[in-house]
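Please find below a short note for a colleague who is new to this structure. The points are numbered and may be read beside the model.

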Amino acid sequence: MALSSVSDKYVLGMDLGTTSIKVVLLETQSKRVTDSYTLPTRADTSSTILHAKEQNPERILDTLNQCIEALPRDKRQNVIKIGVSGQMHGVMFWKGRTGCGSGRRDAGHTSWCKDTSQLITWQDGRCSSDFLSSLPQPDSHLSVATGFGCATIFWYLRHRPEFLADFTTAGTIHDYVVAMLCGLDKCVVTAQNAASWGYFNTDMNQWNLDILKDAGFPVHLLPEPVPSGSRAGLTCSEWHGIPAHTPVGAALGDFQCSVYSCMTDRTDAVLNISTSAQLSFAMPDGFEPPATPDPHSPVSYFPYFNGSYLAVAASLNGGNVVATFVEMLTSWMKELGTDISDTSIYSQLIKAALNQESSDLRVRPTILGERHDTSSLGQVSNISASNVSLGHVTRALCRGIMENIAAMLPPRTLLDSGVKQIVGSGSALSRNEVLRQEAERVFPLPVLYGKDVDSAVGVAMILNDRM
């Protein structure tokens, strides 16, 4: 590895994902990633609330601190901008003035959580269809679903209003980290993250305040909207060797950052498969989304930059489906008296499927439902005595994941929209050669891989280019 020059300057990119946290250093002149580090998030926690999915912010912050410390200290001292992206839709609550602590712990200046709630993630299922239908109609082109920040706040308002009384502000986990770094009393939010909560008009860049107030919603908790790609503030102190007063960008959506990192042409579509899965392409300049949402449409229009939009088929079922399959097998093996690691099982599954080039077994992988079809569940069909090997099942599962995405955003729509190639990204896709093979079979377009593309890289690129 080449030694860094004292004149080299870096952008620090951080992505706070559902299953992993990644940090990168991007050299500002060459726009090359010089260093990166990733650790599993491992922040899932139990809840007494039915169908809840929550994570512990303190564990997330601890893991982030470990990742930052793993980067070369001399380069950290030459960071001139910090960008943060993370899992969209989710919400956490904190007290504005006391919601984080900072100081010296162990070897360096770090930060930790104080006076915060758990993070209620995008996978949260506490809001039933009946509950969602009882909410006011938003003034937005995007529907509201369970796991969306505003829906979760409505749930607390109706079921546990005393919980909300303990806090003064709310945001995503990456909004919280930005507020922590900058010492902000009031959280700020970009349109990318605000739209993911629901009740946000992307054309006006405003919350639906009148609608929410009429419903008794605690609007004082909502973060202040700012443009995507703008500066949120300056670091209020030294942080892991990064100087005080370093500019910090307002937090961005992990999906948009992932797209930015690999969409080199407007004729590219981006297939991202990490915990969940998304297929997206850029809408033409001047496109305006429908005035009202269609809750049954599998395609949504996510805000991007400068008033532009991405057409997105956002599936809840991606790498998490393969992970569930692995966990099921691990559990079965333990019940049978054999202890084998998830990692070993995963590698054996991929090896078996690579030796099984096709299968007539059919797997519908929608074990988590879909936002446009919450009643959809998984299904295995066409089972015979000759297609129940690990190779057949894994091959069919991976094909099912791809076919589900293609059903949401058909290849014909991509072709009619001028898409000429698909760029693959995301941890699940990069790790799983079988998924990559099935992508090439399902989509009649060139599918490219191999770039170092992800949300952490994307947010660093955005701040280097735009802030």
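1. Gln55 has Leu119 of strand S10 as its bridge partner. In this predicted model, S5 (residues 54-55) and S10 run antiparallel and are joined by two bridges. Both strands belong to an open sheet of three strands, paired antiparallel in the order S4-S5-S10. Strands S4 (44-45) and S10 (119-120) are at the edges with a single partner strand each, so one side of each has no neighbour in the sheet.

2. Seven of its seven residues are buried, so S22 is largely enclosed by the rest of the structure. Tyr309, Ala311, Ala313 and Ser315 point one way, while Leu310, Val312 and Ala314 point the other way.

3. The whole structure contains 13 salt bridges. Side chains of opposite charge can pair when their charged atoms come close. One of these salt bridges links Arg76 and Glu69, at 3.4 Å from N to O. Arg76 is buried, with a relative accessible area of 4%, whereas Glu69 is partly exposed at 32%.

4. Another salt bridge is formed by the side chains of Arg266 and Asp285 (3.7 Å, N to O). Arg266 lies in the loop between helix H9 (254-262) and strand S19 (268-273), and Asp285 in the loop between S20 and S21, so the pair ties together parts that are 19 residues apart in sequence. Arg266 is partly exposed at 45% relative accessibility, and Asp285 is exposed at 68%.

5. Within helix H12 (residues 390-408), Glu403 and Arg399 lie four residues apart, about one turn of the helix. Their side chains meet in a salt bridge of 3.0 Å, N to O. Glu403 is partly exposed at 31% relative accessibility, and Arg399 is partly exposed at 25%. Salt bridges with shared partners join Arg395, Arg399, Glu403, Glu438 and Arg441 into one network.

Methods: Residues numbered from 1 in each chain as written. Predicted model: local features only at pLDDT ≥ 70, side-chain atom pairs only at ≥ 80, totals over all residues. Heavy atoms only, no water. Pairing = 2+ DSSP bridges. Buried < 20%, exposed > 50% of the residue type's maximum accessible area, 1.4 Å probe, protein only. Salt bridge = Lys/Arg side-chain N within 4 Å of Asp/Glu carboxyl O.
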